[in-house]
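Here is a short briefing for a reader who is meeting this structure for the first time. The points below are grouped by topic.

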Amino acid sequence: MLDILACPKCHAPFAQKDNTLSCTRCTLTFPVCDGIPDFRPAAFASRFAAAQFAEGEHHAEAWTKLKTGYLPWVKSIPDYCDWLESFYRTGFSAFGFPTAWLRDKAVLEVGSGPLGLLACFPHGVGVAVDPLMPSFVSYMREHWQPSPLRIAALGEELPMRDGTFDAAVAINCLDHTLEPDRILTAVVRALKPGGYFFLMNNVKSRPGVALSRIGEKLGIQRLTEVFHPHAFTQKSLTDACAAAGLEVVRNCRIKISESAEITACYGWKGALRKSVENECALWILARKP
Ligand SMILES: C[S@@+](CC[C@H](N)C(=O)[O-])C[C@H]1O[C@@H](n2cnc3c(N)ncnc32)[C@H](O)[C@@H]1O
Ligand SMILES: [Zn+2]
């Protein structure tokens, strides 16, 4: 663990004593609780705290009550794990990667949620980062394997050594954050030169993103989604990758039509909004030059 972790502020190595990690350069120290090193700041910005609160409730309901959204054929936790694995696989298969490609790689997962891709795919060294990680322990411990190492941290302040990882993944994470550009920069720092980044996020049309931004700026709740302080178009997400120093290699945009059962719940305003937003899933394969 000490080989890959570094102080989130100054990136120097740690020394460990009992359940405390101490930066060997600055004065910062961080606790390790339930085997989870915790690098989170003392407080979050209020908008991010609201998103995290809703996210924590959503994950707990999914894993303890199987409230997983519209997944009518998922009837058990093993079904849910199986569905997640097949969802993660879509990004790899789209770009021609066998999932076993990670088997001998050092891989970083940002915003893993309670399970995450590394729990589903064989990998070499694995680290899964999520600011909600400590809240997952009570209901996820039985589902976790020794690897990935799970840590509590913000993607904006990754406690990783420079140039450590062969690959990184961030799935459905960046729109949950306030500063996605800082996360991309931190991922690039942690990747080795030539390392691959598998990124997935929902993207919207330009008017769809404009509506979300107006809602966020003016505090109009019906225009916002509590989970998603941020919204991207395909172009803004691609540009953000390039601005962070990544070379975008390929992308795969997926639009799944909704069933009549779902659209019936929207009403005409909801249906109009959905049509204007034209939300799609975008997978990006990028590379650190
Ligand atoms: C929708 S979940 C996705 C979980 C998983 N990647 C998946 O696709 O099944 C988004 C996750 O991103 C995490 N997250 C939110 N803000 C983050 C940040 N600033 N840095 C890292 N992870 C973050 C959330 O706590 C949440 O668990
Ligand atoms: Zn330090």
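Helix H6 is followed by Gly-245, whose phi is positive, near 100°. The model is a predicted one. H6 itself covers residues 234-243.

- Leu-237, Ala-240 and Cys-241 are the buried residues of H6.

**Helix H4**

- The buried residues in H4 are Pro-180, Ile-183, Leu-184, Ala-186, Val-187, Val-188 and Ala-190.
- Among the elements that cover them are S5, S8, S9 and H6.

**The nonpolar core**

- The largest nonpolar core contains 63 residues.
- Within this core, the residues with the most contacts are Val-107, Ala-168, Ala-170, Val-187, Ala-190, Phe-197 and Cys-241.
- Strand S9 (residues 191-203) contributes the most to this core, with seven residues.
- What does Ala-168 touch, leaving aside its neighbours within four places in sequence? Ala-168 is in contact with Val-107, Leu-108, Val-110, Val-187, Ala-190, Leu-191, Gly-195 and Phe-197.

- S5 pairs with strand S6 (residues 125-129) in the parallel sense, over five bridges.
- Glu-109 has Ala-128 as its bridge partner in S6.
- S5 also runs parallel to strand S8 (residues 165-171), and four bridges join these two strands.
- In S8, Ala-167 stands opposite Val-107.

**The four-stranded sheet**

- Four strands make an open sheet in the order S1-S2-S3-S4, with antiparallel pairing.
- Strand S1 (14-17) and strand S4 (36-37) stand at the edges with a single partner strand each, so one side of each has no neighbour in the sheet.
- S2 and S3 are antiparallel and pair over three bridges, and Thr-20 has Pro-31 as its bridge partner in S3.
- S2 and S3 form a hairpin, with five residues between them.
- Strand S3 (residues 29-33) and S4 are also antiparallel, and they pair over two bridges.
- Cys-33 has Ile-36 as its bridge partner in S4.
- The hairpin of S3 and S4 has two residues between the strands, and Asp-34 in the turn has a positive phi of about 55°.

**Loops with particular backbone angles**

- Which peptide bond is cis, with omega near 10°? The bond from Ser-147 to Pro-148 is cis.
- Pro-148 belongs to the loop between helix H3 (133-140) and strand S7 (149-151).
- Asp-18 is not a glycine, yet its phi is positive, about 50°.
- Asp-18 sits in the loop between S1 and strand S2 (20-23).
- Is Asp-18 buried or exposed? With 6 other C-beta atoms within 10 Å, Asp-18 is exposed, because a residue with 12 or fewer counts as exposed.
- Asn-278, a residue other than glycine, has a positive phi near 45°.
- Asn-278 is placed in the loop between helix H8 (267-277) and S11.
- With 14 other C-beta atoms within 10 Å, Asn-278 is partly exposed.

**Surroundings of ligand 1**

- How many residues surround ligand 1? Ligand 1 is surrounded by 20 residues, and the closest are Gly-111, Gly-113, Gly-155, His-176 and Thr-177.
- The shell around ligand 1 is made up of eight nonpolar, nine polar and three charged residues.

Terms used: Residues are numbered from 1 along each chain as its sequence is written. Chains are lettered from A and ligands numbered from 1 in the order in which they are written. This is a predicted model: local features need pLDDT of at least 70, side-chain atom pairs count only at pLDDT 80 or more; totals for chains, interfaces and linings use all residues. Two strands pair if DSSP finds at least two bridges between them. A residue is near a molecule or strand if its C-beta atom, placed from the backbone, lies within 6 Å of it. Ala, Val, Leu, Ile, Met, Phe, Trp, Tyr, Cys and Pro count as nonpolar, Asp, Glu, Lys and Arg as charged, and the others, Gly among them, as polar. A nonpolar core is a set of buried Ala, Val, Leu, Ile, Met, Phe, Trp, Tyr and Cys residues joined through C-beta atoms within 7 Å. A residue is buried if 20 or more other C-beta atoms lie within 10 Å of its own, exposed if 12 or fewer, and partly exposed in between; C-beta atoms are placed from the backbone. Two residues are in contact if their C-beta atoms, placed from the backbone, lie within 7 Å.
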